[in-house]
Amino acid sequence: MFKKITFSFILISTCFLACNSSKKETVVSESDTKKNIPQTKPSLKNNFNNDFLIGAALNTSQIKETDTNAVTLIAKEFNSITPENDMKWEQIHPKENEYFFDVADAYVVFGKKHNMHIVGHTLLWHSQLAPWVNEIKDKKKLEHHIEKHINTVVGRYKGKIHSWDVVNEALNEDGSPRESLFYNVFGNESYLELAFRLAEKVDPEAQLIYNDYNLWKPEKRKGVIRIVENLKSKGIKIDAVGMQAHWSVEGPSIEDIENSIIAYSELGVKVMFTELDVTALPNPWELNGAAVEQSYERYEGDLKMDPYRNGLTDEAKEKITKRYEDIFKLFLKHRDKISRVTFWGVTDGQSWLNNWPIKGRTNYPLLFDRAFQPKEVYHNVLALKQ
Ligand code: G3I
């Protein structure tokens with residue numbers, strides 16, 4: 001499934017409805033009482049309440065609330081949620097006449113209960129597509145099934161899911177159209193028009209997003225501009241560009257990210273950072289002479305590729321912290337253009353980056369550690385506002 005995800009993937013790049021106005025809780029410590037300085041109980045959502053929504057992608061055990069430690073953290077810190085896997089086509093619509101809504105229903109209940117902005121992820125994506133859809137070669141038939149899928153899924157959650165990743169990853173790295181099943185059967189990019197039109201028709205109030213990685217890249221940026229301008233020129237609603245933001249400590253540059261924020265915003269859409277995480281681990285394609293491969297199994301268990309298995313060095317920790325500070329400084333600078341920042345996961349231990357591109361590594365890409373505690377970087381990010 002990662003077939004088309006190229007070597008540059010790790011540098012991947014990515015207030016509406018209930019812009020959750022969570023009340024700031026005031027706690028006063030003994031020493032502060034003496035100084036009479038009230039303090040705000042820290043949380044990401046309170047801290048950035050006037051800037052953008054702060055979200056997290058939830059896995060199944062978080063949605064089902066069996067992971068109670070994570071649930072407590074999610075409720076305290078975030079005011080937006082995205083399902084990491086449970087609404088993808090292969091999960092929710094695995095067979096032609098079979099839908100599986102149990103987890104998605106629980107997800108929506110979770111968001112409502114915690115008064116959160118609820119994101120649907122994702123309606124059309126070439127990856128994690130149900131195998132039966134991959135067999136369709138006829139355009140009319142594919143149109144019919146896309147229509148049925150969007151009508152059914154968006155229809156079921158009309159008024160409950162506040163924004164949708166309508167199409168995911170439709171572009172190659174050079175900005176040309178990705179030759180996905182959808183592109184190949186339609187013969188062009190018009191499947192995007194169909195998907196956005198249908199989503200708007202079913203739920204005109206929902207925010208509609210085009211979501212992709214590496215959108216900081218100047219050449220890929222051109223592809224996004226083409227897609228957004230085409231939709232807009234045909235009167236088709238698109239509200240935001242979702243920059244996934246699977247980044248590393250080394251890159252992409254703040255300048256490239258900033259140029260994309262500005263370019264997308266000039267198209268008259270909001271910018272969202274939909275899948276933020278920062279990897280500090282080496283990647284196989286960075287090794288001298290290593291070829292880009294489909295599988296990196298032979299590196300499993302190799303300590304050179306998993307250098308922080310027993311904990312981060314001070315140097316690595318500082319790099320991650322500095323990187324997150326730079327990123328959030330940029331986000332704050334462009335808070336008028338950015339409507340949501342979503343982390344791709346909740347704690348380091350639960351991140352997909354422990355298993356990609358090499359399985360079983362120990363990565364540190366998020367703001368909460370394996371014991372569900374805020375890391376030093378969390379406090380540094382909060383401090384940018386204080
Ligand atoms: O649930 C099964 C489990 O039963 C089985 O034993 C195990 C064996 O490998 O697989 C488990 O499923 C995995 C699933 O994540 C849940 O953990 C899949 O193999 C694995 O491929 C899947 O990966 C997900 C990936 O999308 C698939 O494309 C990641 O969790 C998820 O974080 C990632 O998210 C994507 C976004 O949707 C789109 N943007 C890129 C982003 C990162 O790839």
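Helix 13 crosses helix 14 in a right-handed way (the near helix is turned clockwise from the far one by less than a right angle). The model is a predicted one, where local features need pLDDT of at least 70, side-chain atom pairs count only at pLDDT 80 or more, and totals for chains, interfaces and linings use all residues. Numbering runs from 1 along each chain as its sequence is written, and side-chain values use heavy atoms, with hydrogens and water left out. Helices here are DSSP runs (H or I, at least four residues), numbered from the N terminus.

In contact terms (heavy atoms within 4.5 Å), Lys-317, Ile-320, Thr-321, Tyr-324, Glu-325 and Phe-328 of helix 13 meet Glu-376, Val-377, Asn-380 and Val-381 of helix 14.

Helix 13 also packs with helix 12 (residues 254-265), again at about 25° but with axes 11 Å apart. Ile-254, Ile-257, Glu-258 and Ile-261 of helix 12 touch Arg-323, Asp-326, Ile-327, Leu-330 and Lys-333 of helix 13.

Now for the ligand. An N or O atom in the His-121 side chain sits 2.7 Å from a ligand oxygen, while a polar side-chain atom of Trp-344 is 2.9 Å from a ligand oxygen. Polar contacts like these are pairs of N or O atoms within 3.5 Å. Gln-244 has a polar side-chain atom 3.0 Å from a ligand nitrogen.

Definitions and conventions: Helix = DSSP H or I, 4+ residues; strand = E, 2+ residues; numbered from the N terminus. Polar contact = N/O pair within 3.5 Å; in protein donor to acceptor, adjacent residues only side chain to side chain. Axes fitted to C-alpha atoms, helices over the stretch in contact; angles between N-to-C directions.
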